[in-house]
Amino acid sequence: MTQKVAVLGTGKIGEALLSGMIRAGWAPADLLVTARRPERAEELRTRYGVTPVSNAEAAKTADTLILTVKPQDMGTLLDELAPHVPADRLIISGAAGIPTAFFEERLATGTPVVRVMTNTPALVDEAMSVISAGTHATAEHLAHTEEIFGGVGKTLRVPEAQQDACTALSGSGPAYFFYLVEAMTDAGILLGLPRDKAHDLIVQAAVGAAVMLRDSGEHPVRLRENVTSPAGTTINAIRELENHGVRAALIAALQAARDRSRELASGDTG
């Protein structure tokens, strides 16, 4: 691997990418980073052996630029980068809601852009990274992006029109599960269990259920029915979930997340 890759705005997800790439065989000497605070840049140099640079230097030097700043900061970053980015650089955006056209309009004509929505399980190499090509991105650019993000989990290619839906389901998805675990832990305490024991029971149930969903090939309805005995405890719990509209609430929540992703794309960052 001889190409140089720069991660701009290296926060938690950017750092997870760096560590994943190094584990996958990338040489630290080929990895550049930028950070808002000098002490953060130095921390990354010490921890991984990567090279801190300015945004302009990254644009001039790296073959691939991974932009991991917040959506509301992306316009300012592109204004800084535009004079220094040749049209043969691959731009990978990890910003929620911002379409590839936003980058193509601000960079040199023909610049290849790939849009990626990853999620926080990248921190434990269990991310789902959803990848879409811009107008000028080729199959080779997509494969290169998959090579990078494959170091922190799985990848999936989708048309860019599906990115907002993927953001709602996958990008925000871990938060929904954390929310459910929090609520179930509170229920365990209400039922008389100590918090730590309730937490351990629920987390292991979640891990086991996820592995079954991933590895069994069974539809979730079938897996749920396997736990649901006639007139048993589970069906009583499911009845209460249905009575309280949990399924409808989840659908509405994901629609709201999808809509917010579209608002971000239109420039509404308030």
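**Group meeting: helix packing and salt bridges**

Okay, let's start at Leu-213, which sits in helix H9, residues 195–216. Before I go on, keep in mind that this is a predicted model. So, is Leu-213 buried, partly exposed or exposed? Its relative accessibility is 44%, so Leu-213 counts as partly exposed. What does Leu-213 touch, if you skip residues up to four places away in sequence? Pro-220 and Leu-223. And if you want a sense of scale, take Ala-29: Leu-213 and Ala-29 are 184 residues apart in sequence, and their C-alpha atoms are 40 Å apart in space.

Right, on to helix pairs. Take H1, residues 12–23, and H2, residues 38–48. These two pack at an angle of about 20°, and their axes are 12 Å apart. Angles under 35 degrees count as roughly parallel, so that's the label H1 gets relative to H2. The crossing of H1 past H2 is right-handed.

Which residues meet there? From H1 you have Lys-12, Glu-15, Leu-18, Ser-19 and Ile-22, and on the H2 side they meet Arg-40, Leu-44, Arg-47 and Tyr-48. Sorted by class, the contact of H1 with H2 has 4 nonpolar, 1 polar and 4 charged residues.

Now the second pair, H7, residues 163–171, with H12, residues 246–265. Here the axes come within 8 Å and cross at roughly 130°. That angle makes H7 oblique to H12. H7 also passes H12 in a right-handed crossing. If you'd like to pick out the side chains, H7 brings Asp-164, Ala-165, Thr-167, Ala-168 and Leu-169, while H12 brings Leu-254, Ala-257, Arg-258, Ser-261 and Arg-262. The class breakdown for H7 with H12 is 5 nonpolar, 2 polar and 3 charged residues.

Okay, charges. As a reminder, side chains of opposite charge can pair when their charged atoms come close. How many salt bridges does a search of the whole structure find? The answer is 20. I'll walk through a few of them.

One is Glu-146 with Arg-157, where the closest N and O atoms are 2.7 Å apart. This pair links distant parts of the chain: Glu-146 is in helix H6, residues 139–149, and Arg-157 is in strand S8, residues 153–157, which puts the partners 11 residues apart. How accessible are they? Glu-146 has a relative accessible area of 22%, so it's partly exposed. Arg-157 comes in at 42%, and that's partly exposed as well.

Another one is Arg-195 with Asp-186, and there the closest N and O atoms are 3.7 Å apart. Asp-186 counts as partly exposed, at 37% relative accessibility.

Then there's Arg-247 with Glu-242, closest N and O atoms 3.0 Å apart. Is Arg-247 buried or exposed? With a relative accessible area of 52%, Arg-247 is exposed. Exposed means over 50%, so Glu-242, at 41%, lands in the partly exposed class instead.

Key:
Residues numbered from 1 in each chain as written. Predicted model: local features only at pLDDT ≥ 70, side-chain atom pairs only at ≥ 80, totals over all residues. Heavy atoms only, no water. Axes fitted to C-alpha atoms, helices over the stretch in contact; angles between N-to-C directions. Helix = DSSP H or I, 4+ residues; strand = E, 2+ residues; numbered from the N terminus. Parallel < 35°, antiparallel > 145°, perpendicular 65-115°, else oblique. Left-handed = near helix turned anticlockwise from the far one by under 90°. Contact = heavy atoms within 4.5 Å. Nonpolar A, V, L, I, M, F, W, Y, C, P; charged D, E, K, R; others polar. Salt bridge = Lys/Arg side-chain N within 4 Å of Asp/Glu carboxyl O. Buried < 20%, exposed > 50% of the residue type's maximum accessible area, 1.4 Å probe, protein only.
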